[in-house]
Amino acid sequence: MRILSLQNIHKKYQDAKDFAVSDVSFEVEEGEILALVGESGSGKTTVLRLIAGLEHPDSGSISLSGQVIVSGKKSVPAHERKVGMVFQDYALFPHLTILENIKFGLKKSMGDVDKIARDTLKLVGLHEDYQKYPHQLSGGQQQRVALARAIAPNPKILLMDEPFSNLDAMLKDQVREEIRQIIKKTGITAIFVTHDTKDALSTADRIAILHKGYLQQIDIPKHLYETPVNPYVANFFGKRNEIMATPLQEGWHTSFGFISDPEAKKYKNKVKLMFRPEHGEVVQRDGQQLTGKIVKISYFGSHQMVKLADDEGKRVTIRTNPGRSFEGVERAFFYLWKYDVEEAF
Amino acid sequence: MSIVKSNYYWWNKWTGYSLLILLLIATPLFTIFFKLFDRPGDSWQHIANNLLFGYFQNTILLLLGVAVMTFLLGVSTAWLVSNYEFPGRKYFEWLLILPLGFPGYIMAYTYVGMLDYTGPIQVFLRNTFDIHVKGSLLDLMNLPGAIFILSITLFPYVFLITRSSFVQQSKTLQEASFLLGKNRFQTFFKVALPMARPAIVAGIALASMEVLNDYGTVKYFGVNTFTTGIFRAWFSLGDAGTAIYLAAILMVFVFVILYLESLQRGNRQYASGKDIHKPLVRIKPIIGKQVLYTLICGTVFFLSFLFPFLQLLHWVSLTYHKVINTDFWLLVYRSFGLAAVSGALIVALSVILLYTLRLSPFRWVKNITKVATLGYAIPGAVIAVGIMIPLLSLDKWIYSTFISAKAAGLFFSGTLFALVFAYIVRFMAVGYNPVEAGFQKIGIHVNEASRLLGARSTKTLWKIDLPLIKTSLISGILLVFVDVLKELPLTLILRPFNYQTLATKAFDMATNEMIAESANAALIIILTGIIPIIFLNKLIKKREP
């Protein structure tokens, strides 16, 4: 069931030259986790604040669980939207205890307020710290309190602004999994904003990519990675190599060598072949492969990146396993097991 | 699908309250502006022909003189305490702010008393060296005297802001200057001073505003300025039209100073980047220089605070048994009450205005809210005239409509209402700024979080915002309290008939040759004034690295 729908949302801040959000429309299904991904200034946080009711769009409409909450100049005020939000800085109330923070959003009509609050704390694993004040907790714990406070009143939708950005790398993987678990356990619909593609790929069911206020693509992670609609989306998920290729009868002629491919004959003009570093494989020489001069090898622990150049100095990067040694080797050989063809002209 | 319960997003009740408050606060300014188009009063011609030139001359000379003196006193001491280590340095950092607690008019008559035939200096000279002076040792009752008195009470503005700027200047910049071959002296003139310029000018601008506001000092010394002119037109001549014309000219001075201040600040940012912030390291000069620096700061402190303060104490010890009685305590009680009510009202109104800003997405709300804080730049006499005129008309209208066409009486004018209203207009900025800083410090997210959890804006204000900015609210009230307590020109014009505050009582007694007796009220004003100064200094120090 559809729970949230944005239609043709435009938002421009006062004194800003460009729209922060331009003609953005998308829908969110009940129970799914959607990631809004983009660089800083892409409008992702603005979208979140528009849904929350902390900003008002210049045009467009928003509806939440079957009710229009924004339309024209009219708007349901934030405190009546039943939207939960976890702020980037958590925004815990420093003068209230953890329990009081969580009880803040609970109303008597919801039942036993104390029990709901304690149950929610249990869910995030902090039921023993309920009497503490926010400053007595670690960053990770504060975040879980913020999450508990947001979900305790059982909101229609949960919004999270850069939920992982304040955590150090060691903690991040663990927290990502924990939060996903908690959200899935409660069955709540969630939208979170992030600039880190790893966060999005590992946590979200679907990802929406924003660039300069425009929605580029919204899809499941696999599709975004494998069939990006445009170069921006493609590059967003890591490096993509591009090489020029001339179609021949049996395959492609490139400056790195020949690629045999029966599809090539369908093309008349030069094309661009695009592939990610992990879509190539460095291999032993056996006469059929592409080749390039080794320019640079970067070691990352789990893998190595090999930068290769053709005779004109044009470069590609291929990922390889960390055990392979290139000592005393000047040239490397590789083949591509996957690439996209884009007509260049 | 129909839209559920919804509002126009640009409107909330806070916007309504704020517009009302702003309208009220702007009344005196509007009044002056619109009354300018009326015919000038009967005495205008006389004043324009005979006195106006003198007003201009005195006001300008006073401004220039105080600017130069506060610059010399403030910048030199600020440089010494922020760059050198010498005996007493740590104490001078806050001792040199204390003169701010001394209202100019009290400083004025204290000095006159000190230099008098019966004053401590002449007594000392007579008893020790048998030197006899006729009359006053040094005639202060003139323009240079007024410049001296105003400068020693106002230089702490320059000292405070400049010192803060010196301390915040990055050490690396000075080191760069040394490495480029400049000595400490050259570095001061080529690097430190130019970089502190915006701060220095801001300090001098503040002092200038106080000069334009001053009535007590110039009146006591018989120096005719626009402020005394407004009083004369209002009280002696009963000519409101002329008072307004003079007030308008005085406002031109204010705008020129504000304009010059903003002009020199421009868009330049002299603050150095945050990352390279290594604090200044104070050096310890040779012992001779250390003594010299202690002497310089010591002399400034002695003249601007210690000496007159001791004199006041001495007078109090001579006269307290005559002065301190039930009436006196009633006076204290009344003044404190007036100041506390004004402080609480100003902070409450500031909270409403700033909360509106906090909730509103619109720039225009921010722009018009600035009007609220304009009062601090407007001399008290101008505000008084601007409030008195509309209130008198209001009273007249009420009487003629509801009571009797012939009778006249006071409902608002000449009541405490008018006085408190005027204090609010004049001192709004004093309470507004700490509240604004408080809101800024806690950030907007806690407020948004509360509203997303279902709390209305009012509940959020009471449960979240206000408890979090409690300290700012208290410091706001305290700062207004002190300013109201020492305020003179507004109170003199607007107080109800025969109503005395500590400030007016001290001034009345001093002008009636009861200087020693006036010291009792003066001492209470000064002692109360010192508390927030020390408090403020601690706040500023906390913010410094």
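**Contact between chains A and B**

The contact takes 25 residues from chain B and 31 residues from chain A, two residues being in contact if their C-beta atoms, placed from the backbone, lie within 7 Å. On the side of chain B that touches chain A, at least two residues each are supplied by β1 (7-8), α18 (445-452) and α19 (457-468); α18(B) gives the largest share, 7 residues. This side of chain B divides into 14 nonpolar, 6 polar and 5 charged residues (Ala, Val, Leu, Ile, Met, Phe, Trp, Tyr, Cys and Pro count as nonpolar, Asp, Glu, Lys and Arg as charged, and the others, Gly among them, as polar).

The model is predicted: local features need pLDDT of at least 70 and side-chain atom pairs count only at pLDDT 80 or more, while totals for chains, interfaces and linings use all residues. Residues are numbered from 1 along each chain as its sequence is written, and chains are lettered from A and ligands numbered from 1 in the order in which they are written.

Chain B has 23 helices and 1 strand (DSSP runs numbered from the N terminus, helices being H or I of at least four residues and strands E of at least two). The radius of gyration of chain B, 25 Å, is close to the 24 Å that the globule rule gives for 545 residues, so chain B is as compact as a globular protein of that length (radius taken over C-alpha atoms; rule, 2.2 Å times the number of residues to the power 0.38). Of the contacts in chain B with a separation of 6 or more, 83% are accounted for by residues 24 or more positions apart.

Chain A is divided into domain 1 (2-236) and domain 2 (241-343), with bounds from an automatic or database domain assignment. The C-alpha centres of these two domains of chain A lie 41 Å apart.
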